[in-house]
Amino acid sequence: MSFKINMNGNIAKRIEHYFDRLWPITRSITGDGIRRSMDILAEVVPTERMRFKTGQKVFDWQVPKEWVIREAYFIAPDGTRHCDIQKNNLHLMGYSIPFNGKVDFSELKEHLYSLPDKPDAIPYVTSYYKPAWGFCLSHNEFKTLPDGEYEVHIDTELIDGQLEIGEAVLPGSSKKEILFSSYLCHPSLANNELSGPLVMAFLYELVNNIPDRRFTYRFLFSAESIGTICYLSKRARQLKKNLAAGYVMTCLGDAGSFTYKESRRGDSLADLAARVVLRDRGYFKNVPFFPRGSDEKQYCSAQLNLPVGSLMRTMYDEYPEYHTSLDNKDFISFEAMAESVKVYFNVVRVLENNYIWDNTVECCVPMLGKRGLFSSVSNASNALNMQEQEEFTDAILWFINLADGQNDLISMAIRSGLKIEKLLEVSRLCEQAGVVKRIDK
Amino acid sequence: MSFKINMNGNIAKRIEHYFDRLWPITRSITGDGIRRSMDILAEVVPTERMRFKTGQKVFDWQVPKEWVIREAYFIAPDGTRHCDIQKNNLHLMGYSIPFNGKVDFSELKEHLYSLPDKPDAIPYVTSYYKPAWGFCLSHNEFKTLPDGEYEVHIDTELIDGQLEIGEAVLPGSSKKEILFSSYLCHPSLANNELSGPLVMAFLYELVNNIPDRRFTYRFLFSAESIGTICYLSKRARQLKKNLAAGYVMTCLGDAGSFTYKESRRGDSLADLAARVVLRDRGYFKNVPFFPRGSDEKQYCSAQLNLPVGSLMRTMYDEYPEYHTSLDNKDFISFEAMAESVKVYFNVVRVLENNYIWDNTVECCVPMLGKRGLFSSVSNASNALNMQEQEEFTDAILWFINLADGQNDLISMAIRSGLKIEKLLEVSRLCEQAGVVKRIDK
Amino acid sequence: MSFKINMNGNIAKRIEHYFDRLWPITRSITGDGIRRSMDILAEVVPTERMRFKTGQKVFDWQVPKEWVIREAYFIAPDGTRHCDIQKNNLHLMGYSIPFNGKVDFSELKEHLYSLPDKPDAIPYVTSYYKPAWGFCLSHNEFKTLPDGEYEVHIDTELIDGQLEIGEAVLPGSSKKEILFSSYLCHPSLANNELSGPLVMAFLYELVNNIPDRRFTYRFLFSAESIGTICYLSKRARQLKKNLAAGYVMTCLGDAGSFTYKESRRGDSLADLAARVVLRDRGYFKNVPFFPRGSDEKQYCSAQLNLPVGSLMRTMYDEYPEYHTSLDNKDFISFEAMAESVKVYFNVVRVLENNYIWDNTVECCVPMLGKRGLFSSVSNASNALNMQEQEEFTDAILWFINLADGQNDLISMAIRSGLKIEKLLEVSRLCEQAGVVKRIDK
């Protein structure tokens, strides 16, 4: 029941190592970038790959063609080269179809995306389901482009292939499951791409070290939306039956304060556990469910309504760097990511320890004094740690008062206002003293 | 399911036309004034009359005698005539018994009603059940009355007759009913008498034009309290069984903001529909149920507890002109009354469209792009109506997310915070796209 | 159903009389002090004594030895005598074991208790379950003690004896019970010892005078914690079955405003009745349950969860005089204590009158006018007590509206916002008028 955070070496440094290797890869919802990214992450999380063929029906969707990217740039009338994906893979609109030819600037403009209000940023744009090509560039660069004839070179291909996702499972003694879901489908974006999979990988390592796990844990690396829909085409029935709590892991790399976006239910175990962990930590922002955002909109769709929330730092759409080239290594902090691993692991600890407790004594408060759970001299004015002692006695009394065969650890923390950590501490002391017993649900 | 407000000509002008004809009539809870008023309104709403004979028992009450008024005034010692009902029918206390004779001022004073704190206003006073006579006059006029002998002339009669109320029914496909209840029993009062029946008459016209109505609609013109008690002696059983929502229509003519007084239940369909319509419109005042006021105190009596609220503008007792001669044509606005018709008709639209929706897709969010429900280019920075488009996508996603076979339109509007109008729009698009289906409760 | 507060003479004076006799007695959880105190209180409340032998097991506890105190003091090197219990019985730590001998000041200090931040106060300290001796003194006195050898004289004894508690029962027509629980176990402390038993004694007198009581009332004089645990070893089963509401009576003697500490349930009849009485009175402080404090922690232990709250004035721990010699006659007010009796008796009145009411009329609001429950002239501008009359009509209408066979008096008071007193008044009038009937639950 009790386990410590046993981190293998300096997590922040190790996260940075993997970040640097994953950063330059051009990922999309399919293709070689995803395979190479998952191979690298497999050094930490040995995932099993699930493959879905181009054209396969998944619920209301169809698996798209696989996107192959070789080269892309355009040459201005003055001979200068622009939007070369060798420089930044955001320059090419995701899923751009191949195109080679000369176009006038007025026509090229129809294919260019920039952000006038963020003139330094290259926007991140995709067109998965409508065949099109396009380039993304900073508005400052856009403004320098002269009129005239441009030479466009996009060497891509859309081929019959497959969509790949990766899943790792850590079994526990119970059939009940906890799901962590992240996505790998954006090219070089830091917070809104790599932070999720990286935090999840190192969370996997910690969960793997828990002795006698209760829950079975699933870790999913998927393409946002279509990948997760593919996954659910295999797992929906099972998750509906067994899922106790799940979390979409994204935006976990910036140094901002934590945010919890509730599941559609709002009061599921996922919600209660995440909120109590963040409450104990200090300030956090609680956001009721809304059906945009990441894959929680699939897990919490009308037909599923699974207990899946999302514990993030600064939420997508809430920071100006989101979905632009400014969401890069400068924007994130590896210390913050290591802290995100810790917070998620605390959620795991709360879930693993969320037992129901009952009194063993027939009636009334047990005698704490004879068991060393209470100072036997009342009003000990000369005691050194008066306040600490009172807090301890408070926690003991609350825990015993709430150990009624119905309250679990989380509801105790909510009712008493006490920290989970304090309740865990006194639960161990009270169990050793024989005044309470654990009820396995 | 979809219907537009199709107003016949300029409603405000038409309301004013009927107002001017109804204004001078001396109405009370019984008598000729009521009959003439209902005959005029029958040009818009063809009501069936229900008649209750004097002396008839209705629950704990008895139908009173019919009141006949011919002439009333008194002559001061200086020969001046006062309180002539030819000038203002508020001058005679309602249900005054006949009296002819000379009285000293000290005795007359016992029969005079004025408002010292509103010295220009003639108060509206009645004595239905205690035989008495009296005159109402402005305090300014009262102060001019000299001592001396007065000649009082009240040519009224209380005869065995009947109490008449009018009901119009517009049938729908369902047995479930919606009730609109107004009263006709005050003499020349504008907001607290004529606004209710007039708004109801023109609401009737609009409801009559709805093709394929779901609900059956009842429109009641009644005398406040005793008339409605008579009505309930006929309809209580049926309303208990079939009433889905009802509203007491009164105080709908001033230019103040809207007020909703909740039914005794507080969360009935009547309450939910009215509140969501007013919420979407902007500011309104919500008032919990209290057992005074108008006929909601009958509909929401302990034994009935019907889902009947009252959607008003400025509520009775909340404006100083209430129950005085200052509640006249100057106080009200015919534009405001036309707007009241529209607001009530929006309540009808919400009720008619309050279906439960379900997804047709087995699992996950349907693919919106291939159905034109979603922009396929993400982050379309150069899109003209970025915000509008986002709001539209939001509405689509909320609607589909909540279409779980349990939520109806109103609960969707409450949960999502979206306007009913927006949800109706996307419900039509999603139904056409085949991703949702309507469930008829 | 209706009963008045019929106080025998001047309660405040009578309380003071008993206070003065009880004050000097050296009480503890066992021993002669308790017996003498209960004998004195028996002049007002004839309790039956329940006795528990030393060594007897009660749930997780054991009845302690009986403590006999004869003399205690110590003599300083300069010959001055200190901490003589003849002067103040707080000087000796409760349950001090006997000790006679010479000790150096450095050793004596280990046995001395004072409060540096309240230098004038002698603290109240006990050591019931860990054998020890000690003296309590003001910090000012402590600072005058010189170094050197001290002669300590503690003539106490711990003998096989018994723990005594007293219970008085006033039967009613129903099996349902109301419990009042107070404690007698502190030596000369005023608010946090004598106020509880004294208020309870005079409450007993008032309850005894209620003709046709519905509830059965139990009044308990007990030692805090161990005494109440003994009591529950006899009564827990019965209380679980029959207890409708209970209150721990303590801290009822100061002139501060009232406090209500909720039962663990928070919405039990005990909570509702106490809160509505205090609400009607004006300002009060509501405190959610917490498992410290007085005997509510036993009654509301996890295994019992009885409907027991605590209606106090200023709560223990919330006033600086608490558990010191400053909690004395100067600190309390006998007028305040008499007021506490009255407030508790109002709780009794609410409980006794908490009937469910129903309408006798089949439908709609009954005709109030013909029964004198309503002014028959509306808008009676010249009426003297316009506002009073409106409040009266409001109360009548609320009462009749809520008399639906489900609401009891307390829920009527909560829903309507009307005072219990006003509802009681109109309930009597409406019952006499025959429009409502009482339903005995």
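Reply: What follows starts with ring pairs and then moves to a sheet, a loop, a helix and the chain arrangement. Keep in mind that this is a predicted model.

Start with the rings. Over all chains, the structure holds 70 aromatic pairs. Take Trp61(B) and Tyr129(B) as one example: their ring centres are 5.7 Å apart. Their planes meet at 65°, and an angle over 60 degrees counts as edge-to-face, so this pair is edge-to-face. Where do Trp61(B) and Tyr129(B) lie in chain B? Trp61(B) is in strand 3 (residues 61-62). Tyr129(B) is in the loop between strand 7 (112-113) and strand 8 (135-136). The two are 68 residues apart in sequence, so the pair ties together separate parts of chain B. Trp61(B) has 9% relative accessibility, so it counts as buried. Tyr129(B) has 31%, so it counts as partly exposed.

Now look at another pair, Phe180(B) and Tyr217(B). Their ring centres are 6.3 Å apart, and their planes are at 5°, so the pair is stacked. This pair also links distant parts of the chain. Phe180(B) sits in strand 11 (residues 177-183) of chain B, and Tyr217(B) sits in strand 12 (residues 216-222) of chain B. They are 37 residues apart. Both Phe180(B) and Tyr217(B) are buried.

Rings also gather in a group. In chain A, one aromatic cluster is formed by Phe74(A), Phe99(A), Phe105(A), Trp133(A), Phe135(A), Phe142(A) and Tyr150(A).

Charged side chains can sit over rings too. Arg438(B) lies over the face of Tyr355(B), at 3.8 Å from the ring centre. In chain C, Arg214(C) lies over the face of Tyr355(C), at 3.9 Å from the ring centre.

Next, a sheet in chain A. Four strands form an open sheet in the order 5-4-9-6, with antiparallel pairing. Strand 5 (81-82) and strand 6 (99-104) are the edge strands, and each pairs on one side only. Strand 6 is joined to strand 9 (residues 149-159) by six bridges.

Pro46(B) lies between helix 2 (32-41) and strand 1 (48-53). Which residues does Pro46(B) touch, leaving out those up to four places away in sequence? They are Ala168(B) and Tyr204(B). The C-alpha atoms of Pro46(B) and Val169(B) are separated by 9.2 Å. Along the chain, those two residues are 123 residues apart.

Now turn to helix 10 (residues 386-402) of chain C. It has 17 residues. From first C-alpha to last it reaches 24 Å, close to the 24 Å expected at 1.5 Å a residue. Its buried residues include Phe392(C), Trp398(C), Phe399(C) and Leu402(C). What do the buried residues of helix 10 pack against? Their partners in chain C are strand 17 (356-359), strand 18 (404-408), helix 11 (409-416), helix 12 (420-432) and strand 19 (436-439).

Finally, compare whole chains. Chain C superposes on chain A by a rotation of 120° with 0.1 Å of shift along its axis, and the RMSD is 0.1 Å. That is the relation of a three-fold axis. Of the residues of chain C, Asp267(C) comes closest to the rotation axis, at 13 Å for its C-alpha.

Note on methods: Residues are numbered from 1 along each chain as its sequence is written. Chains are lettered from A and ligands numbered from 1 in the order in which they are written. This is a predicted model: local features need pLDDT of at least 70, side-chain atom pairs count only at pLDDT 80 or more; totals for chains, interfaces and linings use all residues. Side-chain values use heavy atoms; hydrogens and water are left out. The expected span of a helix is 1.5 Å times one less than its number of residues. Buried means under 20% relative accessible area, exposed over 50%, partly exposed in between (1.4 Å probe, protein chains only). Contact means heavy atoms within 4.5 Å. Rings of Phe, Tyr and Trp (its six-membered ring) pair if their centres lie within 6.5 Å; planes under 30 degrees apart count as stacked, over 60 as edge-to-face and the rest as tilted. A charge sits over a ring if NZ of Lys or CZ of Arg is within 6 Å of the ring centre and within 35 degrees of the ring normal. Copies are superposed by least squares on the C-alpha atoms of residues with pLDDT of at least 70 in both. Two strands pair if DSSP finds at least two bridges between them.
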